[in-house]
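Hello,

Here is the structure we talked about handing over. My notes on what turned up follow below.

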Number of protein chains: 2
Amino acid sequence: MEQIASNLSFDGEHRRYRHRSEVLDCEMEFSVFLPPKAVKNTPQPVPVLYWLSGLTCTDQNFMQKAGAHRRAAQLGMAIVCPDTSPRGVNLPGEDDSYDFGSGAGFYLNATQEPWSRHYRMHDYVVEELPALVEKSLPVSHLRSISGHSMGGHGALVAALRNPGRYASVSAFAPVCHPSECPWGIKAFSGYLGEDREAWAEWDATLLVPGAPEKLQLLIDQGTADDFLSEQLHPETLADTCEKVHHPVRLRMHRGYDHSYFFIASFIDEHLDHHARALGITGS
Amino acid sequence: MEQIASNLSFDGEHRRYRHRSEVLDCEMEFSVFLPPKAVKNTPQPVPVLYWLSGLTCTDQNFMQKAGAHRRAAQLGMAIVCPDTSPRGVNLPGEDDSYDFGSGAGFYLNATQEPWSRHYRMHDYVVEELPALVEKSLPVSHLRSISGHSMGGHGALVAALRNPGRYASVSAFAPVCHPSECPWGIKAFSGYLGEDREAWAEWDATLLVPGAPEKLQLLIDQGTADDFLSEQLHPETLADTCEKVHHPVRLRMHRGYDHSYFFIASFIDEHLDHHARALGITGS
């Protein structure tokens with residue numbers, strides 16, 4: 001793991017790393033914010049919030065645009081942002097569209113050729129990257145997870161599929177039911193094939209009824225989001241949660257859109273939500 | 001003036017506008033953040049902080065990366081970000097380097113051909129844009145000014161040359177003495193010609209001794225800034241201020257660099273500084 005950048009930020013440190021991923025069989029980069037507590041002379045291990053970004057993003061969008069460092073520094077919480085797909089693997093068609101292939105890994109494990117060798121973002125984000133981070137950086141084994149749009153769905157699925165792994169989960173404007181929206185149908189068809197039974201393992205709304213752990217799903221959604229009606233379907237997920245008594249908190253925010261201005265406006269509340277679950281209360 | 005984008009942000013509004021600038025003789029775009037107070041049903045006029053960005057930036061960098069909306073929303077302060085040069089004027093050599101021409105207008109009024117027709121960013125930023133903003137948006141005539149790097153210098157010069165126009169001025173990592181640094185020598189030679197006497201009117205360090213108004217200069221500078229020793233020279237400006245009893249507050253921040261992570265870390269303190277001068281105390 002090679003450090004490729006470092007910036008002081010709110011008396012903590014923003015860093016970027018490059019490393020070889022065995023799971024993805026390629027070189028990957030990720031970003032981390034370490035709060036002051038974790039970088040002072042006698043560093044104390046801090047819990048980690050994993051943030052999964054949306055279509056076309058890299059590990060950098062959230063770090064630069066969400067305004068999250070201020071509150072994370074106060075709380076004593078690290079944030080880790082992985083990239084949104086394998087990189088540099090040169091698969092045919094990988095760069096042909098914004099919503100499939102590079103920048104659009106959908107945080108699942110592909111089963112179809114030629115994607116199955118590299119496109120295993122679920123295992124990378126849930127297992128390999130945390131193991132690397134927890135071995136190499138001053139962090140504890142306490143984890144929470146959040147994300148935006150495609151990454152919001154990735155966070156929900158990571159939590160629903162892996163009971164006990166995360167103290168809390170939240171999402172901004174997540175794709176909620178990918179089996180029934182254009183982004184999801186395109187991604188699932190390509191990565192998982194046409195058998196819809198295989199899709200159910202990777203669809204948050206379809207995973208909720210069988211989820212062994214009743215972790216509350218905190219979801220913020222803007223009403224002026226251009227993707228809301230066609231792609232996101234939060235009400236379908238919330239209806240399913242209510243039916244099976246899975247705790248969900250869906251907050252509709254009048255007038256907010258799909259941008260990072262929306263995320264920045266409510267990120268502190270999400271960090272506080274995760275901090276409570278992680279047992280930290282800030283400096 | 002045509003609105004080209006709008007996003008809700010912290011219950012205020014981020015907007016982008018396009019308009020015809022008479023001073024620059026071209027179409028320009030700018031960004032504005034309006035706090036909740038200015039966009040509710042009965043809007044109240046709010047004071048404006050003008051932010052001048054650095055080399056290669058547009059009107060968008062600060063809005064997306066500085067994390068300033070949160071505190072500006074609380075304080076009831078608007079923020080206006082102009083672009084960093086005239087655009088689309090197709091002058092020969094305009095796009096040849098990152099530190100001259102487009103994206104590098106240096107907030108002065110050029111006197112040399114072919115630049116003098118369009119490159120009049122001082123008059124645009126100090127006069128034409130505020131007049132337009134104050135005519136068209138729910139803002140008062142109270143103004144402060146700040147900026148980063150080239151734009152930090154632009155803010156200092158705007159305040160020093162225009163007594164009574166700004167309630168307060170501040171800068172992050174400003175170019176402080178452009179007559180004696182490579183960025184400044186290149187810009188001043190090109191825009192103002194080789195006569196160094198003409199440069200003195202546009203150099204903050206050389207303007208301080210004759211400044212009729214003793215407005216405090218608040219300057220934040222990181223010690224790990226790659227441009228500090230060759231381009232910025234804050235100590236030269238501070239020495240001059242002390243010699244002529246011009247109030248200056250230069251704060252050196254150990255380990256911080258030239259990036260927006262540095263700006264984000266201290267922007268709230270600058271907004272509070274300006275709010276005090278503007279007579280607002282927040283919600």
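**The interface**

Chain A and chain B bury about 1800 Å² between them, with 55% of it on carbon and sulfur atoms. Buried area here is the accessible area (1.4 Å probe) that two parts lose on being put together, summed over both. Three residues stand out: Leu8(A), Gln64(A) and Phe261(A) supply 36% of the area that chain A buries against chain B, more than any other three residues.

Before going on, the ground rules. This is a predicted model, in which local features need pLDDT of at least 70 and side-chain atom pairs count only at pLDDT 80 or more, while totals for chains, interfaces and linings use all residues. Residues are numbered from 1 along each chain as its sequence is written, chains are lettered from A and ligands numbered from 1 in the order in which they are written, and side-chain values use heavy atoms, with hydrogens and water left out.

The contact (heavy atoms within 4.5 Å) takes 22 residues from chain A and 22 residues from chain B. Polar contacts do occur, in 10 residue pairs between the chains, both residues at pLDDT 80 or more. A polar contact is a pair of N or O atoms within 3.5 Å; within protein, one must be able to donate a hydrogen and the other to accept it, and residues adjacent in sequence count only if both atoms are side-chain atoms.

On chain A, strand E1 (2-9), helix H2 (61-65), helix H3 (69-75) and helix H11 (260-278) each supply at least two residues of the side that touches chain B. H11(A) gives the most, with 5 residues. Helices (H or I, at least four residues) and strands (E, at least two) are DSSP runs, numbered from the N terminus.

**Pocket and cavities**

The second largest pocket holds about 160 Å³ of space.

The largest cavity has a volume of about 40 Å³. Among its lining residues are Leu160(A), Val169(A), Glu213(A) and Leu217(A).

For both terms, the search runs on a 1 Å grid over the protein atoms alone: a cavity is a set of points where a 1.4 Å probe fits but cannot get out, and a pocket is an open set with protein on both sides within 12 Å along at least five of seven lines; lining residues have an atom within 4 Å of a point. Grid points are joined across faces, edges and corners, and a volume is the space filled by probe spheres set on the points.

**Backbone and salt bridges**

A cis peptide bond joins Glu113(A) and Pro114(A), with omega about -5°. Pro114(A) sits in the loop between strand E5 (78-82) and helix H4 (121-136) of chain A. In chain B, the bond from Glu113(B) to Pro114(B) is cis, with omega near 0°.

Phe10(A), not a glycine, has a positive phi of about 50°. Phe10(A) lies in the loop between E1 and strand E2 (12-21) of chain A.

Over all chains, the search finds 34 salt bridges. One of them pairs Glu29(A) with Arg16(A), the closest N and O atoms being 2.8 Å apart.

Best wishes

Conventions
A salt bridge is a side-chain nitrogen of Lys or Arg within 4 Å of a carboxyl oxygen of Asp or Glu.
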